[in-house]
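The following exercises ask the reader to examine a protein model step by step. Each task is followed by a worked solution.

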Amino acid sequence: MKQEALTDIIADQTERALWEVKNVIACVPDEYWNKEYCGMPLWKHIYHMLHSLDLWFINPRDPHYKEPPVHEENLNNLDVVSHRHLEREEIDAYFTCIKEKTQNYIASLEDAFLLERPEGCEYTKFTLLMAQHRHLHTHMGMIMGFIVAETGLWPRVAGLEGRIPQGEYDKFF
C-alpha cells in the first residue's frame, strides 16, 4: 500500500471499503432481502447506507446533486415505511454508479485540498470522507450482523493487509 500522502491512504481504504460493501450485498440471501430488521426490510438498510454515501461523501450541499432514478421521498429514511420496493439488481446498479463517482472524486483529491470546504458546505472534504467511512461501516456492521445471525456465515472483508479478491472467490470466510 502506498502511504506517501494522505490521499493515497484514503484511496486504498476507500477501495477496500467499496469492495467490502459489494461483497456484503452479494452475501444477502434472497430469502432475507425483504425480511424486516428493526422495522425495515434488509434492502432498505442497504439503500440507506448507499444513499448516504452517495449524498454525503463529496458534498451534501451540492445544488447539482441528482437523486438516483430509483429514489422517492424518504426511501433512504430508516424511520419511514416506504411503498417502493427495490430489487437486488437496482441496488447493484446504484452501487456501481456510486463506486465510479467515488473513485473519480478520490482520484481528483490532493492532500492540500482535504481541509477545504466544498462549495456551500460547512464541512471540510476530510470531515465528509471520515464521516462517511464511519457511517458506512456502522451500517455494514449491522448488515453483516443480520447475515451472520440468519446464516451462521461471516462475509469476507479485505482488512488492512489482505489482498482484494479478483475473479472467483469465496464471499464468506
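**Exercise 1.** Determine how the residues that line the second largest pocket divide into nonpolar, polar and charged.

Solution. The lining of this pocket divides into 7 nonpolar, 4 polar and 5 charged residues. For this division, Ala, Val, Leu, Ile, Met, Phe, Trp, Tyr, Cys and Pro count as nonpolar, Asp, Glu, Lys and Arg as charged, and the others, Gly among them, as polar. The model is a predicted one, in which local features need pLDDT of at least 70 and side-chain atom pairs count only at pLDDT 80 or more, while totals for chains, interfaces and linings use all residues. Residues are numbered from 1 along each chain as its sequence is written, and side-chain values use heavy atoms, with hydrogens and water left out.

Next, consider the space itself: the second largest pocket holds about 260 Å³. A pocket is an open set of points on a 1 Å grid over the protein atoms alone, where a 1.4 Å probe fits, with protein on both sides within 12 Å along at least five of seven lines; lining residues have an atom within 4 Å of a point. Grid points are joined across faces, edges and corners, and the volume is the space filled by probe spheres set on the points.

Of the 16 lining residues, Leu-18, Trp-19, Lys-22, Phe-95 and Lys-99 are the closest to the centre of the second largest pocket. Helices H1 and H3 are the elements that each give two or more residues to this lining, and H1 has the largest share, with 7 residues. Helices (H or I, at least four residues) and strands (E, at least two) are DSSP runs, numbered from the N terminus.

**Exercise 2.** Which element gives the most to the lining of the largest pocket?

Solution. The largest pocket has a volume of about 300 Å³. Its lining comprises 18 residues, and those closest to the centre are Asp-54, Tyr-65, Lys-66, Tyr-94 and Lys-101. The elements giving two or more residues are H2 and H3; H3 gives the most, namely 6. By type, the lining of the largest pocket has 10 nonpolar, 2 polar and 6 charged residues.

**Exercise 3.** How many salt bridges does a search of the whole structure find, and which parts of the chain does the pair Lys-35 and Glu-150 link?

Solution. A salt bridge is a side-chain nitrogen of Lys or Arg within 4 Å of a carboxyl oxygen of Asp or Glu. The search finds 8. In one of them, Lys-35 and Glu-150 meet at 2.5 Å, N to O. Lys-35 lies in the loop between helix H1 (6–27) and strand S1 (36–37), and Glu-150 in helix H4 (residues 125–151), 115 residues apart.

In another, Glu-122 and Arg-61 meet at 2.6 Å, N to O. Glu-122 is in the loop between helix H3 (88–108) and H4, and Arg-61 is in the loop between helix H2 (42–56) and H3, so this pair ties together parts that are 61 residues apart in sequence.

**Exercise 4.** Is Lys-125, which pairs with Glu-116, buried or exposed?

Solution. The closest N and O atoms of this salt bridge are 3.8 Å apart. Buried means under 20% relative accessible area, exposed over 50%, and partly exposed in between (1.4 Å probe, protein chains only). Lys-125, at 16%, is buried, whereas Glu-116, at 38%, is partly exposed.
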